[in-house]
Amino acid sequence: MTIQELKHLATEIRKDTLRSITTAGSGHPGGSLSAADIMTALYFRVANLATPTDPDRDRIFWSKGHIAPLLYTLLAYKGFFPKEELMTLRKFGSRLQGHPKKDSPPGVETSGGSLGQGLSIAVGCAYAARYDKLPVRAYCLTGDGEIQEGQIWEALMAGAHFKLDNLCAIIDNNGLQIDGRCSDIMGIDDVGAKLRAFNWHVISIDGNDMEQCVKALDEAKTVKGQPTAIVAHTIKGKGVSFMENVVGWHGKAPSQDELAQAIRELDAQECE
């Protein structure tokens, strides 16, 4: 897909993500919107994801599992399950739980909820793929609030120690977590310098710029002898004026009126 096609797709994915959260009456819009660009680039341009069961597929682990609405929308757009099912998010009996469950729906690589665990899983996957000589890359999406967890740093050490150049961590660095600004709760800056000290190849980008997202993900595939971390500087609630950089939208569903305004704003940006 071209950069322009990816931008349009990311907008459509944002809209359906918000529709599903509004219909559910609960969910996490802020981080879903901030990560929409780089994850759209990953799923539709860079990663090998022909089918959800191909043994040679790339593996994408969502360590920040609370933004499951974005994950589900991406998988539906990939054709792994019907788009209509997105409106069953968080409903009784639905496969689309508030936090992801492995293989439910197809394409969910690991269950999520408790933060800090996904990168360890990705390290294990990357190591196993290399051992089995599979052409598999392991990606892990984590958040800047999440990397306050100690297990993340153990995984970072292991990834570098084993020189896992088929491993890529994506940090959704939007500056906010559920309780406020990351810098007020447990500062993690300069995260890029910390990751370099752990012997990771670090790429710092505007994570809401599609061209930069694609370029960074492509660069990660060329790195040899060490894992790559993409520090994606993003805006929480990106694309919706009343959500952007507002911590209260971490885990709150829009009303129908707010959804309508958000859709109008996203549509207007398509015309710019």
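**Helix packing and local features of the predicted model**

Helix α5 passes helix α6 in a left-handed crossing. The structure described here is a predicted model. In this model, α5 is formed by residues 118-131 and α6 by residues 150-161. Their axes come within 8 Å, and the crossing angle is roughly 20 degrees. Because this angle falls under 35 degrees, α5 counts as roughly parallel to α6. On the α5 side, the contact is made by L119, S120 and V123. These residues meet Q151, I152, A155, L156, A158 and G159 of α6. Sorted by class, the contact of α5 with α6 holds 6 nonpolar and 3 polar residues, and no charged residues.

A second pair of helices is formed by α1, which spans residues 3-24, and α4, which spans residues 68-77. The axes of α1 and α4 come within 9 Å and cross at roughly 125 degrees. An angle between 115 and 145 degrees is neither roughly perpendicular nor roughly antiparallel, so α1 is oblique to α4. The crossing of α1 past α4 is right-handed. From α1, the residues in the contact are L9, E12, I13, D16, T17, S20 and I21. From α4, the contributing residues are P69, L70, T73, L74 and Y77. The contact of α1 with α4 comprises 7 nonpolar, 3 polar and 2 charged residues. The spacing of contact residues along a helix can be read with the helical repeat in mind. An α-helix has 3.6 residues a turn, so residues three or four places apart point the same way.

Two further residues of α1 were examined individually. I3 is located in helix α1. When neighbours within four places in sequence are set aside, I3 is in contact with R45, M210, E211 and V214. I3 and Q212 are 209 residues apart along the chain, yet their C-alpha atoms are separated by 9.9 Å. T11 is also found in α1. T11 has a relative accessibility of 10% and therefore counts as buried. Apart from neighbours within four places in sequence, T11 contacts L266 and E270. E270 belongs to the span of helix α10, residues 256-270.

Helix α3, residues 36-46, is mostly covered, with 10 of its 11 residues buried. The buried residues of α3 are A36, D37, I38, M39, T40, A41, L42, Y43, F44 and V46.

Several features were found in the loops. K102 lies in the loop between α4 and α5. Its relative accessibility of 41% places K102 in the partly exposed class, because this value lies between the cut-offs of 20% and 50%. K102 touches V108, E109, T110 and S111 when residues up to four places away in sequence are not counted. The C-alpha atoms of K102 and G112 are 8.2 Å apart, and the two residues are separated by 10 residues along the chain. P105 is also placed in the loop between α4 and α5. The peptide bond joining S104 and P105 is cis, with an omega of about 5 degrees.

Another cis peptide bond runs from D189 to D190, with omega near -5 degrees. D190 sits in the loop between α7 (182-186) and α8 (191-197).

K163 has a positive phi of about 50 degrees and is located in the loop between α6 and β3 (167-173). N245 has a positive phi of about 60 degrees and lies in the loop between β7 (228-233) and α10. The relative accessible area of N245 is 44%, which means that N245 is partly exposed.

According to the UniProt record, an unreviewed entry, residues 9-265 carry the annotation "domain: Transketolase N-terminal". In the model, the end C-alpha atoms of residues 9-265 lie 15 Å apart. This span is 40% helix and 13% strand.

Terms used
Residues numbered from 1 in each chain as written. Predicted model: local features only at pLDDT ≥ 70, side-chain atom pairs only at ≥ 80, totals over all residues. Heavy atoms only, no water. Axes fitted to C-alpha atoms, helices over the stretch in contact; angles between N-to-C directions. Helix = DSSP H or I, 4+ residues; strand = E, 2+ residues; numbered from the N terminus. Parallel < 35°, antiparallel > 145°, perpendicular 65-115°, else oblique. Left-handed = near helix turned anticlockwise from the far one by under 90°. Contact = heavy atoms within 4.5 Å. Nonpolar A, V, L, I, M, F, W, Y, C, P; charged D, E, K, R; others polar. UniProt positions renumbered as here; feature names shortened; annotations may be inferred. Buried < 20%, exposed > 50% of the residue type's maximum accessible area, 1.4 Å probe, protein only.
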